[in-house]
Amino acid sequence: MGHALADDKYGVTSSPHHGPTLQVRDLSVEYVLESGIVVAVDKVSFDVNAGEFLAIVGESGCGKSTLLFGIAQLLNPPAEISGGSVTFQGRNLVKLSDKDLAAVRWSDMSVVMQSAMNALNPVTSVGAQFRDAMRAHGVSSQDLIAERSAEVLRMVGIDPVHLKSYPHQLSGGMRQRSMIAMAMLFTPELVIMDEPTSALDVVAQRSLMAQIRDLQQEFGFAVIFVTHDMSLVSHYSNRLMVMYAGQVSEVGPTRKLFDSPHHPYTVGLMEAFPSIRGPRLRLTGIPGNPPDLARPPAGCRFAPRCPEVMPRCVTDPPPQYRVEDTLVRCFLSENAGGAQ
Amino acid sequence: MTDVTTESAHQYDPPTSEPLLRVEGMSRHFRIGSAISRTTLHAVDDATFTVGDRQIVAVAGESGSGKSTVARVLAKIYKPTSGEIYFQGKPLSSIRSRRAKLAYSGQAPMVFQDPFSSINPVFRVSHGVLRALKLHRPELTSQQRYDEAVRVFDAVGLNPGGEVLQRYPHELSGGQRQRVGFAQALAMRPKLILADEPVSMLDVSIRVGLLNLMAKLRDTEGVSIIYITHDLASARYVSDRLIVMYAGHVVETGPAEEVLGNPRHPYTELLVAAAPDPRAPLNASAEAERGEPPKVIDPTPGCRFRWRCPLAIDECHRVTPTLREMGPDHSAACHVAQPGAATGAFQ
């Protein structure tokens, strides 16, 4: 445990030779609406190390997709970054010009979107879309483009003849795999994935997760994987970050979160989905609904739904407390460690 | 209890007491393509099963397995291409008049997948339920209709019913809207609710509440529910019986706990092995499986899972397997499967 390292505070132990691939510090994203300002992402900080698989889970409206778009600098009005930094390869992406960003995007950091059906252009072949991406980054040799395109498709288990195929000729799983192939064109350091498996069936989901893990082991890129289904990532992610109402409620090693969750929201999520094995237990889910972010609760944002709510939770927003290598935003963890 | 699900349509013996719903060799085909290259998509082929009183029956399968087509045929949105469906002993094909259709849709209403598009956004939520009551239970006075609407809203956990009735759909969360869907169905005093993926668009923390509601409706209101889903874990959680479909065929059926605990069909085994479960170790053979369900266009005889099945034998390529008994009330359509032991195709 590298206690002396500054990053240790964010639940990360960096190896001495490599700094984190991505450092997010106090990132806030606001939606500026006529009715007021909605803070969708509220001072979120975390690191992603080289070759690490970080899963971000949360319910719809918790800000997980907005956070992703904030990291990739893909936000459109009315959303805008209102504070904080995103440091990738030593540069703060928030301050970069569009031209500089264009050089980083896809070659060093690529994004796999949720719906491959919409992310692929329906009127051009898969190969043509690969070619566009490579040309945009200055690769002009036809041979090189053809060679690399075939190579990445083979990497994800698709026959390169499908470079000539149009998206509608591929199945859902193949489309999603070709999106991942496209993200691999320049062997990036970081691949950001926004629910890439949500449109797929269980069997296809499982094989896609295995594929991502195998590619990651081979090429060593880091992955940020956003999902609403925490059981899906349980066997694949190194660290798990649970978001609630725009904030990080708990982040730590995946296995530890599953074995001993600290935050009542994480506990509730774990007990919300039935299991296919083991005893058939009656579950309760989490009563209530997430808060309206235009009027967030004054204290802890989970307080209105929390089974262990205390008087101070309603008035004071809890800071993040450290419990071993996990960070927990809950007063119940106060005595387990010091505030950050 | 007499149960006909363990027998194929061809060797069917009439049961001593008629179940609530009996589906007999039901098929639904769709003709696709132009006049020159006409082909037929077999969405459902030869489905046979029953639903008893106060029973939740889950129909599970991947997309394209035909599970939603089953629901739509049962709702009389589609006519079956062949086969017959008996509701309380009466064949559905005999329901022709407007009046009879109305009565049937009140006894077997449908709850849809998407709570965001299945409620009219310009009216208060009371509109849908009061209108349905006026249509299906004309004997009630306006005050009785309102009281009944409050009762069903309270019954599905929209408390206080009188207040929630006055809200507009956009003022409700996804989980609450789906409860409105169940309340509308319940208002018609149904015998059978056809629920097509009712929780798949809801957040994880909300889902269990809806599943518990389905169990409550079965226990306190005495309705049966056909629960169409792709999520085996939720099927196990809430349903009494499970029907597993693959490419239009019913491949395995039986008590939910028994089918998932002791799957006999290799496809059910694959689904169980691939289900994400943080409490179980990874299953390597399910990870390696890269196949996809076929589109069933002008099929030739044979098992439709044969291209993905590691155990496929000659017979699987020639003869379509029918449901065979694998245990008490538990049957599977597989040439290789044997009673008493898993095939081990994906272990």
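Of the contacts in chain A with a separation of 6 or more, 62% are between residues 24 or more positions apart. For chain B the corresponding share is 65%. The model is predicted, and the predictor assigns the complex an ipTM of 0.77 and a pTM of 0.83. The contact between the chains takes 34 residues from chain A and 34 residues from chain B.

**Chain A overall**

- Chain A has eleven helices and twelve strands.
- The radius of gyration of chain A is 21 Å, close to the 20 Å that the globule rule gives for 340 residues, so chain A is as compact as a globular protein of that length.
- Along the principal axes, the C-alpha atoms of chain A occupy a box of roughly 65 × 50 × 50 Å.
- Buried residues account for 46% of the 340 residues of chain A.

**Chain B overall**

- Chain B has twelve helices and twelve strands.
- A compact globule of 347 residues would have a radius of gyration near 20 Å, and the 21 Å of chain B agrees with this.
- The C-alpha trace of chain B spans about 65 × 50 × 50 Å along its principal axes.
- Of the 347 residues in chain B, 50% are buried.

**Confidence**

- The mean pLDDT of chain A is 85, with 92% of its residues at 70 or more.
- Residues 1–17 of chain A stay under 50 in pLDDT, and the model has 26 contacts beyond four places in sequence for them.
- Chain B has an average pLDDT of 87, and 94% of its residues score at least 70.
- In chain B the pLDDT is below 50 over residues 1–14, a stretch with 27 contacts in the model beyond near neighbours in sequence.

**The side of chain B that touches chain A**

- The contact draws 34 residues from chain B.
- The elements giving two or more residues to this side are α7 (204–221), α8 (232–238), α9 (256–261), α10 (266–274) and α11 (284–288) of chain B.
- With six residues, α7(B) gives the most to this side.
- By residue class, this side has 17 nonpolar, six polar and eleven charged residues.

**Ala275(B)**

- Ala275(B) lies in the loop between α10 and α11 of chain B.
- Ala275(B) counts as buried because it has 23 C-beta neighbours inside 10 Å, where the cut-off is 20 or more.
- Apart from neighbours within four places in sequence, Ala275(B) contacts Val202(A) and Ile276(A) in chain A, and Leu232(B) and Ala233(B) in its own chain.
- Leu232(B) is 43 residues from Ala275(B) along the chain, and their C-alpha atoms are separated by 7.6 Å.

**Nonpolar core**

- The largest nonpolar core has 193 residues, and Ile226(B) and Tyr227(B) have the most contacts inside it.
- α7(B) gives the most to this core, with eight residues.
- Not counting residues up to four places away in sequence, Tyr227(B) touches Ile56(B), Val57(B), Ala58(B), Ala195(B), Met214(B), Ala235(B), Val238(B) and Ser239(B).
- In soluble globular proteins, nonpolar side chains tend to be buried together.

**Helix α6 of chain A**

- Helix α6 of chain A covers residues 172–183; at 1.5 Å a residue its twelve residues should span 16 Å, and the 17 Å between its end C-alpha atoms agrees.
- Eleven of the twelve residues of α6(A) are buried, so the helix is mostly covered.
- Arg175(A), Gln176(A) and Arg177(A) are among the buried residues of α6(A), as are Met174(A), Met179(A) and Met182(A).

**Backbone features**

- The peptide bond from Pro77(A) to Pro78(A) is cis, with omega near 10°; Pro78(A) is in the loop between α1 (64–71) and β4 (79–88) of chain A.
- Asn159(B) and Pro160(B) are also joined by a cis peptide bond, with omega about -15°, and Pro160(B) is in the loop between α4 (142–155) and α5 (161–164) of chain B.
- Ala245(A) is not a glycine but has a positive phi of about 50°.
- The loop between β9 (239–244) and β10 (247–253) of chain A holds Ala245(A), which counts as buried with 23 C-beta neighbours inside 10 Å.
- Asp46(B), another residue other than glycine, has a positive phi near 55°.
- Asp46(B) sits in strand β2 (residues 39–51) of chain B and is buried, with 21 other C-beta atoms within 10 Å.

Technical notes: Residues numbered from 1 in each chain as written. Chains lettered and ligands numbered in written order. Predicted model: local features only at pLDDT ≥ 70, side-chain atom pairs only at ≥ 80, totals over all residues. Contact = placed C-beta atoms within 7 Å. Helix = DSSP H or I, 4+ residues; strand = E, 2+ residues; numbered from the N terminus. Nonpolar A, V, L, I, M, F, W, Y, C, P; charged D, E, K, R; others polar. Rg over C-alpha atoms; globule rule 2.2 N^0.38 Å. Expected span 1.5 Å × (residues − 1). pLDDT = per-residue confidence, 0-100. Core = buried A, V, L, I, M, F, W, Y, C linked by C-beta atoms within 7 Å.
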